Each structure stands twice: as structure tokens, then as C-alpha cells.
Amino acid sequence: MQVLLILNDPPYGSERCYNGLRLALALAKADPAIAVTVFLMADAVTCAKSGQKTPDGYYNVERMLKGVLAGKGQVLLCGTCMDARGLADAEMLSGVRRSTMAELATITVSAEKVLVF
């Protein structure tokens with residue numbers, strides 16, 4: 001099964017990305033046949049910035065994205081959203097990839113479930 005999660009909010013300040021990533025991790029763990037794709041757009045592209053430092057005991061979305069990647073999921077970033085925020089590919093977490101709206105459209109059509117946070 002193909003599951004697409006589209007995240008829009010910034011990584012901290014709201015818990016929408018946190019909860020979307022919790023679900024992505026739970027789906028990947030529940031059934032290895034589930035292919036999880038996380039598409040980060042708008043302020044959510046900052047979730048994939050490497051080198052995040054959070055206080056002890058606080059969630060860290062960088063670590064959560066690493067978990068998605070380790071579970072054979074893919075993490076895609078809206079290139080236009082990255083550019084609008086001045087984010088370069090070199091600043092991003094290893095394993096994530098710049099993408100486009102055209103690719104998001106293709107993935108959306110092929111996904112069996114699309115969830116938006």
C-alpha cells in the first residue's frame with residue numbers, strides 16, 4: 001500500500017508535523033508492505049534542516065525524519081518552498097530530496113491514502 005503524508009506547518013510551535021511524523025513512523029512499523037512517502041511543503045520544509053538541537057525530553061523532527069528514512073520511507077521537499085525560504089540542498093538532512101509539484105501530483109495519483117497535516 002502506498003501512503004502519502006503531506007506536511008505544511010513549521011516543525012516547532014505547532015504539533016502538526018510531529019503528529020504527522022508519528023503516524024508515518026507507526027505506519028512503517030505496522031506493516032513493511034506499506035510504502036510511506038512524506039512530502040514537506042510550505043514551512044514544513046524546515047523540518048528537514050540538519051543539525052537541529054532541541055532540549056532534552058523534547059521531540060526532534062530531524063530524528064523522526066531519519067526514522068522514516070531508516071524504515072525505507074522517502075522524504076521529499078518542495079523545491080519552490082525551499083527557495084522561498086533560502087534553504088539550500090546542502091543544509092538539508094542526508095537522504096531527503098528536493099522535489100516538484102509535478103512529482104507530488106504523480107505520487108498523489110498513485111497513492112492509496114493521502115493524509116494532509
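This is a predicted model: local features need pLDDT of at least 70, side-chain atom pairs count only at pLDDT 80 or more; totals for chains, interfaces and linings use all residues.
Let me begin with a pair of helices: helix 1 passes helix 2 in a left-handed crossing, a term used when the near helix is turned anticlockwise from the far one by less than a right angle, with clockwise giving right-handed. Helices here are DSSP runs of H or I with at least four residues, strands are runs of E with at least two, and both are numbered from the N terminus. Residues are numbered from 1 along each chain as its sequence is written, and side-chain values use heavy atoms, with hydrogens and water left out.

Back to the helix pair. Helix 1 and helix 2 pack at an angle of about 25°, and their axes are 9 Å apart; axes are lines fitted to C-alpha atoms, for helices over the stretch in contact, and angles run from 0 to 180 degrees between N-to-C directions. The two helices are therefore roughly parallel to each other, since angles under 35 degrees count as roughly parallel, over 145 as roughly antiparallel, 65 to 115 as roughly perpendicular and the rest as oblique. Which residues meet across this pair? From helix 1 come Y18, L21, R22, A24 and L25, and they meet V61, M64, L65, G67 and V68 in helix 2, where contact means heavy atoms within 4.5 Å.

Five strands form an open sheet with parallel pairing, in the order 4-3-2-1-5, and two strands count as paired if DSSP finds at least two bridges between them. Strand 4 (97-99) and strand 5 (113-116) stand at the edges with a single partner strand each, so one side of each has no neighbour in the sheet. From one strand to the next, the twist averages 25°. Strand 1, residues 2-7, pairs with strand 5 in the parallel sense over four bridges, and within this pairing L4 stands opposite V114 of strand 5. Helix 1 (residues 16-30) packs on the sheet, where it touches strand 1, strand 2 (35-40) and strand 5, and its direction makes about 165° with that of strand 1. Helix 2 (residues 61-70) also packs on the sheet, touching strand 2 and strand 3 (74-78), and its direction makes about 125° with that of strand 3.

Let me turn to two residues that touch. G79 lies in helix 3, residues 79-84, and is buried, with a relative accessible area of 6%; buried means under 20%, exposed over 50%, and partly exposed in between, with a 1.4 Å probe and protein chains only. Leaving aside residues up to four places away in sequence, G79 touches R98 and S99. S99 belongs to strand 4 and is buried too, at 5% relative accessibility. With residues up to four places away again not counted, S99 touches F39, L76, L77, C78 and G79.

Finally, two loop residues. A42, in the loop between strand 2 and helix 2, has a phi near 55°, a positive value in a residue other than glycine, and A42 is partly exposed at 24% relative accessibility. K72, in the loop between helix 2 and strand 3, has a positive phi near 70°, again in a residue other than glycine. Is K72 buried or exposed? At 76% relative accessibility, K72 counts as exposed.
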